[in-house]
Amino acid sequence: MTKNLLLPLAATAALVHSFTINNHVARGNAPIIVSPSALFSTTEEATTATQQQQQTDESEISYVVARGDGSSGGGGVPMKKKKKASAESTSIAINESNNNNVNDEEDDGLVRPKVGAPMPNGRPSWFHVPAPSQDVASRYQEVKESLSDLSLHTVCEEAQCPNIGECWNGGTGTIMLLGDTCTRGCMFCAVKTDQKPPEPDPFEPFKTADAVAKWGVDYIVLTSVDRDDIADGGAGHFATTVELMKHKKPELLVECLVSDFRGDEASVETLAKSGLDVYAHNVETVERLQKFVRDSRAGYWQSINTLKHAKEVKPDLYTKTSLMLGLGESDEEVIQTMNDLRSVDVDVVTFGQYLRPTENHLSVVEYVKPEKFEHFKKVGEEMGFKYVASGPLVRSSYKAGEFYLTHMINKERKEKGLD
């Protein structure tokens with residue numbers, strides 16, 4: 001046998017398989033192994049077949065490399081810091097001179113996200129979610145039609161949530177109050193923005209209560225865009241909606257995922273005392289990355305303090321927040337954020353992978369592995385959070401988390417004799 005006839009095993013197997021099955025195989029006996037030399041009449045034919053197979057293998061490899069699995073590329077933009085001025089620079093004039101000639105240098109390997117920065121190559125294999133279903137058992141169409149009939153918006157659609165199929169198929173959704181236009185422009189969010197959005201629909205609280213009653217769900221999430229153009233940030237609108245839903249169905253558990261109300265404690269108190277069960281506000285990212293990710297009117301401690309005040313005015317209220325990962329944060333920063341949240345007695349925290357909605361938004365720095373999400377879940381539980389949801393496709397309002405919270409809240413209230 002010549003060297004040219006030493007075909008790759010995969011090529012040989014494919015060629016053997018392409019031939020007519022012999023009588024032994026057809027009768028169910030063991031297959032006959034055919035020598036590669038019997039497949040070709042000349043060395044030239046064998047060489048041609050080998051080259052064709054190599055070209056096929058190379059094209060397949062090129063496709064995999066070009067598509068990527070999310071493990072390469074990305075990386076964000078290095079953080080910069082100013083070099084310290086020399087000790088001799090004590091006068092104002094000298095200090096100003098030094099500052100004008102300062103060179104930037106990389107800050108301990110820390111990175112940040114940026115619009116237009118390189119994205120990771122491809123996406124990891126774990127990004128699979130159920131598609132919207134037209135199956136008879138699915139409630140996707142029912143939810144979609146009821147929202148449309150009542151002119152309601154959902155964050156599921158407006159923010160292009162990847163879990164819309166799973167949640168709507170099961171009959172749950174997150175209703176977005178106060179319209180579909182936000183007064184802020186966070187660099188991760190796909191919701192449209194305007195400094196002067198249309199006035200809120202005064203009948204929206206009634207429509208929302210009707211829609212939720214039709215769905216027959218036990219747990220509902222209400223959220224909204226930021227409305228800095230309204231005096232109380234929309235807190236009163238939320239409170240009315242909660243009160244109407246509780247009137248129609250007292251046993252309904254209501255979570256409100258709201259803005260920071262510009263830090264206004266009166267607005268926080270209005271909502272906290274409205275009868276809702278879970279007060280949620282998202283910190284979104286670690287402290288260092290706030291200015292790169294969120295609108296300048298938002299702030300790390302402003303967010304944490306709203307959660308703190310909600311708990312202070314209603315101690316039996318559950319408080320909840322969420323962080324996106326994959327924006328350049330370090331493990332230490334994530335854990336410090338969890339410590340800061342526990343310091344104000346936040347009960348629930350969720351972690352999910354940041355996904356860029358459009359090319360005009362922040363690029364993904366990295367796709368965080370499921371093992372890392374599991375690590376943060378374990379750390380959070382050890383810190384004393386009552387519930388930690390952590391995974392690539394977890395979102396702050398997510399069906400699986402709602403099921404767990406329903407069970408946890410009802411159980412704890414029963415134990416306290418509040419039911």
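**Entry 1: two phenylalanines**

I began with F351 and F376, and I found both of them buried. The model I am reading is a predicted one, so every value in this notebook is computed from it. I then asked how the rings of F351 and F376 are placed relative to each other. Their centres are 5.8 Å apart and their planes meet at 35 degrees, so I noted the pair as tilted. Next I looked up where the two residues sit. F351 belongs to strand β11 (residues 348-353), while F376 belongs to helix α14 (residues 370-383). The pair therefore ties together parts that are 25 residues apart in sequence.

**Entry 2: the other aromatic pair**

How many aromatic pairs does a search of the whole structure find? I wrote down two. Y300 and W301 have ring centres 5.2 Å apart and planes at 85 degrees, so I noted this pair as edge-to-face. For that label, the planes have to be over 60 degrees apart. Y300 is buried, at a relative accessible area of 5%, whereas W301 is partly exposed, at 38%.

R342 lies over the face of F385, and I noted 5.4 Å from the ring centre.

**Entry 3: around L325**

I went back towards F351 and F376 by way of L325, which touches both of them. L325 is in strand β10 (residues 318-325). Is L325 buried or exposed? It is buried, with a relative accessible area of 1%. Leaving out neighbours within four places in sequence, I listed the contacts of L325 as V334, F351, G352, Q353, Y354, V368, F373 and F376. I also looked up E366, which is 41 residues from L325 in sequence. In space, the C-alpha atoms of L325 and E366 are 8.4 Å apart.

**Entry 4: H237 and its helix**

My next stop was H237, in helix α9 (residues 235-248). With 15% relative accessibility, H237 counts as buried; the cut-off for that word is under 20%. Which side chain makes a polar contact with the side chain of H237? I found E204, at 2.8 Å. Setting aside neighbours within four places in sequence, H237 is in contact with L177, L178, P200, D201, E204 and P205.

Then I looked at how α9 packs against another helix. Two packed helices are described by the angle between their axes and the distance between the axes. For α9 and helix α10 (residues 265-272), I noted an angle of about 5 degrees and axes 8 Å apart. The two helices α9 and α10 are therefore roughly parallel to each other. On the α9 side, the contact is made by A235, G236, F238 and A239; on the α10 side, by S267, T270 and L271.

**Entry 5: two buried loop residues**

I turned to loops and picked P197, which lies between β6 (174-177) and α8 (204-215). P197 is buried, with a relative accessible area of 8%. Not counting residues up to four places away in sequence, P197 touches T181, T183, R227 and D229. I also noted D228, which is 31 residues from P197 along the chain. The C-alpha atoms of P197 and D228 are separated by 9.9 Å.

T181 and T183 are among the residues I had listed for P197.

**Entry 6: positive phi values**

I finished with backbone angles. Most residues other than glycine have a negative phi. R262 sits in the loop between β8 (253-257) and α10, and it is partly exposed, with a relative accessible area of 36%.

What is the phi of D345? I noted a positive value of about 65 degrees, although D345 is not a glycine. D345 is in the loop between α13 (331-342) and β11. With a relative accessible area of 35%, D345 is partly exposed.

Notes. Residues numbered from 1 in each chain as written. Predicted model: local features only at pLDDT ≥ 70, side-chain atom pairs only at ≥ 80, totals over all residues. Heavy atoms only, no water. Phe/Tyr/Trp six-rings, centres within 6.5 Å; stacked < 30°, edge-to-face > 60°. Buried < 20%, exposed > 50% of the residue type's maximum accessible area, 1.4 Å probe, protein only. Helix = DSSP H or I, 4+ residues; strand = E, 2+ residues; numbered from the N terminus. Lys NZ or Arg CZ within 6 Å of the ring centre and 35° of its normal. Polar contact = N/O pair within 3.5 Å; in protein donor to acceptor, adjacent residues only side chain to side chain. Contact = heavy atoms within 4.5 Å. Axes fitted to C-alpha atoms, helices over the stretch in contact; angles between N-to-C directions. Parallel < 35°, antiparallel > 145°, perpendicular 65-115°, else oblique.
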